Amino acid sequence: MTWDDTYYHNFAPKTTPPSITDNAMKLSLSYRKTMAALSFALLNLGGTVYAADAEHTRPNILFIIVDDQSPYDLKIYNPESTLQTPNIDRLATEGMVFDAAHHMGAWTGGVCTPSRHMVMSGRTVWHIPNKPGRMNNPHITNPKLVPPDLAQSTMPAVFNRAGYDTMRTCKRGNSYEAANELFTVRHDATKRGGTDETGSAWHAERVLEHLADRETAKDADPFLIYFGFSHPHDTRDGKPELLAKYGAVNHKDKNALPPADPKQPAVPVNYLPVHPFDNTHMTVRDEVNVSGVWDKRDERTIRNELGREFACNENIDIQIGRVLQKLEAMGELDNTYIFYTADHGMAIGRHGLQGKQNLYDHTWRVPFIAKGPGIKPGSRVKGNIYLLDVLATLCELAHIEAPRTSEGISMKPVLEGRQESVRDVLYGVYCGGAKPGYKMGDYYGMGMMPAGSGTVGFLWQIRAEKNLMHGVNDVTLTYQAGRGESWEHLPGRPDFISHADPSFGKGTIYTSSCPVTVGDEQWLYFTAYTRTHGWYLHSDKEIAAKRMQTVIDEGISRIGIARWPKWRLFGFRSDTKGSLTLTLDGIKEPSRLLLNYECEQGGSVRISLEDVPGRTEENSIPLTGSSFDAAATWSDGDVLAPRPEGQSVKVTLHMDRASVYAYQILPAG
């Protein structure tokens, strides 16, 4: 069996494109080896060892990363997909598929930037730098959290010191430039066109040239190849033959709809013509200015854009097949670990969104496949990994000591079949959206509060310095208006949405902070530098610089804490089958339980009540698909009987491949 490159042989130009050295580091092989050895020796003199285990044959590593690809594009995650990727499918057949791989999130609309920093450094989202001159991460000026010399502990630096030949090709921009420039061979360029020279084949050619150079030089050193693509990130200009296959066109007319074509992919199961609420980042570029889509969300536009996406995805698959075939011909494949992933997912019509600035499953999750020595073919695991776990994993597989700065967890025990998951809980954040006004901080958490018309559980948003709504609640929110000033207790609850509001249940489901358990309570601390509130903004650059320096010198300028009963923390996801039991009180009259949930293909949510006749899991009508306010229903109705004063009821959510974001208990009728 050979890797599938049939398409390339049928449609590739008859002449090989000229070798392109633009943006490449032109280092001779001997010079690269000398410098790697010298760095390795100097580091050992310093006492830190990044040495390979002499008893092991050091493996090669091919790390493949694509730009903006939802796992649901691929058949291995979505059997209904019409996308054809025989080489990726074969990697899955001969390797391990991860069902719960994620990036940790972003503090900017350019989600690629923090994601790729995390891949390179193995550090969490709050502990990485931004592009030079950017200050989105509030910890960017804290050297204890963001080491200033972090680049020297990133993937290329570590593997260079360990004697690996490191090579990289990928897009330019929205990445970790200080790390990227450390690859001993580098060919970066943004290639999103519809030809071999302007599209994904360009990246493959750079890898094939590098492998050919190794053959010519009889290079026996192990290699680390970072094989990145610029697609399927927009502009999604596909090759004409593949566009035709998926019924799509490279649509350029903003004032007209693209042609309909039955060969286009169907709209996703969670397609919406409009997102049902303002997520504070509805005007980001990805939502309003992607060529071919712009602000349109009609089915013709979305189906055409998905066709373009699929054309780009299949072309990527073809190029991967060419490289794998070359490795096989060289006899290198059996000793090579191959990883396939994306920097993050993508919407393209799902939930009425277009971009990546959200934490819906289709965007927070990433595809992730691993193949190599010791990995059971055809295996599948939950994993619960972050992309930031990659560096620790590669180091352990290569018998290299991971850098002390790495915060990732090696997934080697999972790859070897000794564990199902790396961690039990996953945390995600997106806070790159608009901040409504100066002296305003947006902080997120998950909670539940009683209201006059019932009890509401939802993901809430604290907005400091806003006139919070008054009402009955059990969240204590204290806020320090400025450094050194007294604490104030703020009444009301943040951004509470009552059921009477048409946007009920459609609230802030994008990001959550990390509360900590203190006794019988959950505490959520939130902090912000003054610049987060806009105080540093000033037309006079000198004044702005002085204000920023004050922030750096004085540190945190605002701090707050929210507290609520421990059992009321809410927000749950089940990748396979799982359950969550809630203890609810205050049901004094016949009521209904409404859920804001989302199920994957074939997933469901069933509901049971403890010691309540007829309210069993077996009698529950399964909730499927997705809804913002679906009622829990049993074979004889949907009413919850009132409870005597002081008595609670235990409600169990039986979840299979489902996420529950929020719930509400309302009087029946």
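Leaving aside neighbours within four places in sequence, which residues is F159 in contact with? The residues are I61, Y164, T166, L224, L394, C395, A398 and I400. Contact here means heavy atoms within 4.5 Å. The model is predicted: local features need pLDDT of at least 70, side-chain atom pairs count only at pLDDT 80 or more, and totals for chains, interfaces and linings use all residues. Residues are numbered from 1 along each chain as its sequence is written, and side-chain values use heavy atoms, with hydrogens and water left out.

F159 also belongs to the largest nonpolar core, which has 41 residues. A nonpolar core is a set of buried Ala, Val, Leu, Ile, Met, Phe, Trp, Tyr and Cys residues joined through side-chain atoms within 4.5 Å. Buried means under 20% relative accessible area, exposed means over 50%, and partly exposed lies in between (1.4 Å probe, protein chains only). The members that touch the most others are F98, M155, F159, Y226, F339, F368 and L415. Helix α12 gives the most to this core, with five residues. A second, separate core holds 39 residues. It includes F223, I316, Y340 and I369.

Helix α12 spans residues 390–397. Helices (H or I, at least four residues) and strands (E, at least two) are DSSP runs, numbered from the N terminus. Seven of the eight residues of α12 are buried, so the helix is largely enclosed by the rest of the structure. The buried residues are V390, L391, A392, T393, L394, C395 and L397. Two of these, L394 and C395, are in contact with F159. H399 follows α12 and has a positive phi, near 60°.

Aromatic residues form seven pairs in the structure. Rings of Phe, Tyr and Trp (its six-membered ring) pair if their centres lie within 6.5 Å; planes under 30 degrees apart count as stacked, over 60 as edge-to-face and the rest as tilted. F63 and Y226 make a tilted pair, at 5.5 Å centre to centre and with 40° between the planes. F63 lies in strand β1 (residues 60–67) and Y226 in strand β7 (residues 223–232), so the pair ties together parts that are 163 residues apart in sequence. F63 is buried, at 0% relative accessibility. Y226 is likewise buried, at 0%.

A charge sits over a ring if NZ of Lys or CZ of Arg is within 6 Å of the ring centre and within 35 degrees of the ring normal. The charged end of R206 sits over W202, 4.8 Å from the ring centre. That of R380 sits over Y77, 5.6 Å from the ring centre.

The backbone also has cis peptide bonds. One joins H231 and P232, with omega about 5°. P232 is found in strand β7. Another runs from D234 to T235, with omega near 5°. T235 lies in the loop between β7 and α8 (240–245).

Positive phi values occur in residues other than glycine. W294 has phi near 55°. Its place is the loop between α9 (285–288) and α10 (299–330). W294 is buried, at 8% relative accessibility. H351 has phi near 60° and lies in the loop between β8 (336–342) and α11 (361–364). H351 is buried, with a relative accessible area of 6%.
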